[in-house]
Amino acid sequence: MSAHAETRGGATLRMLDTADKEILKLPRTVIGAVYEFHHKFRRNPHSPGLRLKPLKNAKAGDSRLYSARVTADYRALLLHLGGNDYLLLSVKHRKEAYDHLDRITYGINPVTGGIEFIDLHVVEENISDRTQETTRQGTEEPARPVPLFAAYTADQLRELGVAEPLLPLIAKITTEEELLGLVEYAPRLTGEVLLALYDGKSFDEVLDQITRPVSVDEQVDPEDYQAAVARPATQVTTDDQDIQKVLEDDFSRWQVFLHPTQKKIVERDYSGPARVSGGPGTGKTIVAIHRVKHLVSRLGPGHDTPVLLTTFNKNLAADLRARLLALVGPDLAARVDVVHIDKLAHRVVAEAEHGSARTVISDNDAVREWRDMLRELGETTWDAEFLAAEWSQVILGQAINSRTEYFRARRAGRGRALSRAERNEIWQLVERFTKRLDEKNVWTHQQVAERAARLEMERDARIREQRDQLGPDGHELIRREAGSGTRLRHRYRHVVVDEAQDLHPAHWKMLRAMVAPGPNDMFIVGDPHQRIYDNYVSLGSLGINIRGRSTKLTLSYRTTRQNLAFALGLLSGEQYDDLDGGEETLAGYRSVLHGMRPHLHGAATWGEEQDAVVEQVRAWNDVSLSSIAICVPTREMVTDLMTRLEGAGFHPVEIGPDGPKGSDGVHVGTMHRFKGLEYQRMILAGVSDGLVPRRSIEALREADPVRYRRERQRDRSLLFVAATRARDALAVFWHGTPSPFLTTS
Ligand SMILES: Nc1ncnc2c1ncn2[C@@H]1O[C@H](COP(=O)(O)OP(=O)(O)OP(=O)(O)O)[C@@H](O)[C@H]1O
């Protein structure tokens with residue numbers, strides 16, 4: 001519903017995204033009053049109690065700027081957009097609201113077409129406060145002999161979208177602290193551009209990676225504020241609840257203020273499957289959830305669940321469900337099937353086979369079964385991990401049913417080539433293995449996925465067949481399932497996938513078959529740099545054609561610039577695929593958040609390292625224990641650390657396959673468990689040579705270089721995922737020799 005439709009007769013009052021930063025610093029009672037004010041204003045902006053009146057700004061003839069009464073002492077600054085539409089720019093103490101009117105500027109950015117508001121007085125005060133603070137602490141940096149941005153002309157900065165009124169201030173900045181002080185209250189794009197230039201990106205890179213993605217194509221009318229407020233670059237709230245969310249807590253901002261790039265991706269109409277990539281913390285999950293909202297709010301009325309939102313595991317699905325509910329409310333959320341991918345596959349199989357009694361075993365259990373079987377057979381040519389992966393990825397992944405098919409199968413990226421005789425041997429072992437599982441009445445998730453994919457593809461084929469038989473009127477009952485009288489349709493109208501990089505080919509086949517090919521059918525979100533399972537796919541070859549519909553998010557909302565630089569260093573020299581046979585990079589990946597450099601600490605032994613980790617937890621006593629997490633490479637190390645923390649009087653909570661097994665207390669888990677999570681502070685422990693990457697892969701270095709590279713890359717990604725979970729502080733520990741991933745960065 002649009003704000004206009006909601007408030008017929010009254011007024012619209014939207015809030016600019018930069019307003020809440022100042023408002024949230026006000027006393028609690030005033031924040032509450034802002035919310036009340038907002039309600040009253042929308043009902044009748046001219047009610048006498050509100051004292052709405054134009055302000056005489058320094059700009060000649062300016063009549064857009066208004067003030068209104070929030071409490072006896074506080075005033076709202078409003079921008080009149082036209083008609084009864086207003087924009088809340090700020091709330092200030094009465095004195096401040098009128099004292100520095102000549103320092104208040106607003107306008108439409110000619111590059112993005114978005115509305116920008118700057119209180120130069122606030123910016124200047126912030127710069128001077130921050131600088132004084134560093135002087136007091138004795139941490140001030142020496143001013144550079146030339147201003148930081150002296151190398152750029154005003155025209156160049158304008159071209160990059162920097163806000164005009166800030167140019168004189170920018171020209172004077174000589175320290176990082178001053179820059180951070182300016183960026184905090186500057187329009188979003190100005191901050192992004194300046195920090196990127198400061199971090200060493202070239203003018204062209206910034207233009208290409210930061211400015212162009214948010215530029216508008218059309219000519220911007222500098223006076224048309226109604227048009228400007230509707231552009232993605234103007235980040236505003238839309239309704240009452242939004243304002244409440246923003247005022248209640250900072251964590252709800254994602255529900256309200258999408259980055260222009262996020263917004264474009266969410267609202268675009270795609271002619272077929274679309275893919276969104278982006279580094280850690282760039283809001284891929286947020287975009288997926290908003291996309292679901294966008295899709296579900298356009299559906300006609302009904303009680304069915306035409307939208308699927310799926311992800312990798314149960315824990316992440318629970319998180320998606322909670323976030324979706326917070327964003328859309330129970331009625332719309334009820335129309336979305338939020339389920340993790342394995343459960344979805346199980347459902348399909350259970351429905352077809354009326355509840356299979358088989359027990360599912362984990363991938364680790366499957367490798368163990370392979371190992372046992374090879375030992376029993378005295379078979380030493382192949383190792384269990386290789387056979388498990390060959391079976392899962394090539395044989396199940398391509399739904400191979402016979403030896404002949406396996407002889408012909410493509411084994412792209414699987415390591416060394418296999419001769420016909422070798423394939424024959426493997427096939428026999430696979431047959432034996434599946435028989436062994438059958439006899440034990442167990443199967444793996446991949447087997448379930450493969451069965452589900454087959455079932456869904458058969459269903460899809462039946463739907464097509466029936467459609468082909470439709471008469472010219474198209475409404476024949478032929479569409480009914482033979483005998484049952486129920487209509488046979490695709491399960492979903494739209495499918496939205498998060499954590500796409502770790503889905504198995506069989507999952508993709510199942511998902512593809514669950515939705516009719518067409519506009520907005522599939523929305524796929526993932527980051528190949530975070531692939532931590534051995535599933536490589538080419539979406540095109542699985543019938544999911546994303547060509548021309550790929551977009552990338554590059555601004556991290558989680559990771560600080562310091563942590564981000566560290567994490568990027570971990571990946572140096574690797575290449576990553578784009579899930580479609582091409583290459584993917586993290587070009588443009590950046591942050592505007594500022595924090596401490598990661599703390600790095602080496603110890604002589606694992607025992608000493610654990611002592612240091614416990615000390616670190618103790619030192620972080622300014623945050624709650626549940627906002628700290630520790631991740632380590634192995635299960636044994638989790639157990640060790642849990643005992644150690646317990647002994648030190650902390651209450652560690654282990655993260656299991658379904659998420660944390662409790663809430664209060666430091667979370668501890670293996671690196672695999674941290675996919676998709678985030679914590680205020682993170683400790684990575686055990687980042688030693690031989691553990692990260694695993695020593696066991698060394699044997700492959702000569703024997704199978706391709707596989708060696710992949711396994712090594714997987715361990716690197718695991719460390720990358722772990723390092724990017726931290727919102728503010730990151731501490732990295734090892735014993736003995738540090739991981740080579742640390743030293744090459
Ligand atoms: N537009 C936004 N406004 C405010 N916060 C945001 C916005 N977009 C994302 N965030 C926040 O940034 C953090 C990371 O978002 P999200 O989990 O969606 O990123 P991601 O790309 O899926 O990360 P990862 O790949 O590491 O799992 C979250 O805390 C989220 O709430």
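Predicted model: local features only at pLDDT ≥ 70, side-chain atom pairs only at ≥ 80, totals over all residues.
**View 1. The shell around the ligand.** The ligand is surrounded by 21 residues, the closest being Pro 280, Gly 283, Lys 284, Thr 285 and Tyr 557. By class, this shell comprises 10 polar, six nonpolar and five charged residues.

View 2. At least two shell residues come from each of helix H13 (253–256) and helix H15 (284–297). Helix H15 makes the greatest contribution, with three residues. The ligand lies between domain 3 (258–351 + 449–553) and domain 5 (590–743), because both domains give residues to the shell around it.

**View 3. The annotated segment and Gly 281.** An unreviewed UniProt entry lists Gly 278, Gly 279, Pro 280, Gly 281, Thr 282, Gly 283, Lys 284 and Thr 285 under "binding site". Gly 281 is placed in the loop between strand S8 (274–278) and H15. Gly 281 counts as buried because it has 27 C-beta neighbours inside 10 Å, the cut-off being 20 or more. Apart from neighbours within four places in sequence, Gly 281 is in contact with Ser 556, Tyr 557, Arg 558, Thr 559 and Thr 724.

**View 4. The surroundings of Lys 284.** Lys 284 is situated in helix H15. With 25 other C-beta atoms within 10 Å, Lys 284 is buried. When neighbours within four places in sequence are set aside, the contacts of Lys 284 are Val 276, Gly 278, Asp 498, Val 525, Asp 527 and Leu 553.

How values were computed:
Residues numbered from 1 in each chain as written. Near = placed C-beta within 6 Å. Helix = DSSP H or I, 4+ residues; strand = E, 2+ residues; numbered from the N terminus. Nonpolar A, V, L, I, M, F, W, Y, C, P; charged D, E, K, R; others polar. Domains from an automatic or database assignment. UniProt positions renumbered as here; feature names shortened; annotations may be inferred. Buried ≥ 20, exposed ≤ 12 C-beta atoms within 10 Å, placed from the backbone. Contact = placed C-beta atoms within 7 Å.
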